[in-house]
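Reader: I am new to this structure and would like to learn how its features are read, one after another. Please begin with the term that the first case requires.

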Amino acid sequence: AGPVESRNESAMSELVPEPRQKPVVPMKPTGINANLLGYIGIDTIIEQMRKKTMKTGFDFNIMVVGQSGLGKSTLVNTLFKSQVSRKSSGWNREEKIPKTVEIKAISHIIEEGGVKMKLTVIDTPGFGDQINNENCWEPIEKYINEQYEKFLKEEVNIARKKRIPDTRVHCCLYFISPTGHSLRPLDLEFMKHLSKVVNIIPVIAKADTMTLEEKTEFKQRVRKELEVNGIEFYPQKEFDEDLEDKTENDKIRQESMPFAVVGSDKEYQVNGKRVLGRKTPWGIIEVENLTHCEFALLRDFVIRTHLQDLKEVTHNIHYETYRAKRLNDNGGLPPMTVETEENHESNL
């Protein structure tokens, strides 16, 4: 029995592997940046894009159109919480009503949280203020197309700029007078002509002049009239990219549009808080209170949720439509002028 047991023991000892030594972990190289040895994944591209975009900044161009006295400048100033639009001090004897529609563009650099945005506010004094307002939208349409033309010329240059200055109108706030009845023929004609070239957002100005019931009825009537006349306002149904976008935009189209708003750049004390509002004999109308008006919904819509989409629709839809038509009409290139000929010669 002795020799058998010893043979088994020797066999077992052969089968059991010897414990291996653990590999020596090399020390972290001191010459390499520690950030390179951190997390690596495809989603880091988002951070790269964020940094690059923050360096270059953004352009956003907003146009306001409507009759004098509807609070256009005040609303834009309230929207961006700064004096970005010309201060309307009311009409006085020195100021004359413009005989034709003028275009006034004011640019500002707004910085918040390290993000820079070049905001351009385009005002249209004189619109709808004449006895005869026939074709008064033509200077506005001409201005919008001129910005597309300017961008197109920069694009087709042989030696074009790395970053083309963007002066195209990304958003047009159209101010509807709070009559409580229906849209005027001028409103319908303007939106019919310009909805094909720019993103129009209809806004009912000075909504505090109507009761809550009148405001609800007027909003429904305006929506119905726009639908009957085949006028597409932003966000357009055909540009919804997926089901999520469609659901969100349908809610805006059916419930919020047109936004009934009140603008004010004056602050008042309400329940121990400073709020923007308008003082009346019956109390203070709070601009940012949803039970008083829909200003907060408009601000969220234009700035928080749809600002980038407004820019993309302008570039991919309205500008592309203009570009395709111009290149088709002129055999592939814009018509040569003395200025463009000189540019080409200097480039060559």
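Author: Two residues are in contact when they have heavy atoms within 4.5 Å of each other. This is a predicted model, in which local features need pLDDT of at least 70 and side-chain atom pairs count only at pLDDT 80 or more, while totals for chains, interfaces and linings use all residues. Residues are numbered from 1 along each chain as its sequence is written, and side-chain values use heavy atoms, with hydrogens and water left out.

Reader: With which residues is R223 in contact, leaving aside its neighbours within four places in sequence?

Author: R223, whose place is in helix α6, is in contact with R253, Q254, E255, M257 and P258 once those neighbours are set aside. Helices (H or I, at least four residues) and strands (E, at least two) are DSSP runs, numbered from the N terminus.

Reader: Is R223 buried or exposed?

Author: Buried means under 20% relative accessible area, exposed means over 50%, and partly exposed lies in between (1.4 Å probe, protein chains only). R223 is buried and yet has no salt bridge, for the nearest side chain of opposite charge, that of E294, is 7.3 Å away. Here Lys and Arg count as positive and Asp and Glu as negative, whereas His and the chain ends are not counted.

Reader: How many salt bridges are there?

Author: A salt bridge is a side-chain nitrogen of Lys or Arg within 4 Å of a carboxyl oxygen of Asp or Glu, and by this rule the count comes to 16. One of them joins E149 to R326, with the closest N and O atoms 2.8 Å apart. Because E149 lies in helix α4 (residues 138-156) and R326 in helix α9 (residues 307-329), this pair ties together parts that are 177 residues apart in sequence. E149 counts as buried at 13% relative accessibility, and R326 counts as buried at 16%.

Reader: Where do D208 and R278 lie in the chain?

Author: The side chains of D208 and R278 meet in a salt bridge of 3.1 Å, N to O. This pair links distant parts of the chain, with D208 in the loop between β5 and α6 (212-228) and R278 in strand β8 (residues 273-280), 70 residues apart. D208 is partly exposed, with a relative accessible area of 26%, and R278 is partly exposed too, at 34%. Elsewhere, salt bridges that share partners join E155, E320 and R323 into one network. The side chains of D166 and R168 also meet in a salt bridge (2.8 Å, N to O), and both of these residues are buried.

Reader: In what order do the six strands of the open sheet stand?

Author: Strands of a sheet pair through backbone hydrogen bonds, either parallel or antiparallel. Two strands count as paired if DSSP finds at least two bridges between them. The six strands stand in the order β2-β3-β1-β4-β5-β6, and their pairing is mixed. β2 (104-112) and β6 (259-260) stand at the edges with a single partner strand each, so one side of each is left without a neighbour in the sheet. β2 and β3 (residues 115-123) run antiparallel and are joined by nine bridges; H108 has L119 of β3 as its bridge partner, and E111 stands opposite K116 in β3. The hairpin of β2 and β3 has two residues between the strands, and G113 there takes a positive phi near 60 degrees.

Reader: Which strands does helix α5 lie across?

Author: Helix α5 (residues 185-194) lies across β1 (58-65), β4 (171-176) and β5 (200-204), and runs at about 170 degrees to β4. Axes are lines fitted to C-alpha atoms, for helices over the stretch in contact, and angles run from 0 to 180 degrees between N-to-C directions.

Reader: How many residues of helix α3 are buried?

Author: Helix α3 (residues 72-80) is mostly covered, with nine of its nine residues buried; K72, N77 and F80 are among them. The buried residues of α3 pack against β1, β2, β3, β4, β8 and α8 (295-305). Just after α3, K81 takes a positive phi of about 50 degrees.

Reader: Which residues touch the most other members of the largest nonpolar core?

Author: A nonpolar core is a set of buried Ala, Val, Leu, Ile, Met, Phe, Trp, Tyr and Cys residues joined through side-chain atoms within 4.5 Å. The largest has 72 residues, of which F60, F127, L173, F190 and I201 touch the most other members. Not counting residues up to four places away in sequence, F60 touches residues including F80, M117, L119, C171, V302 and L310.
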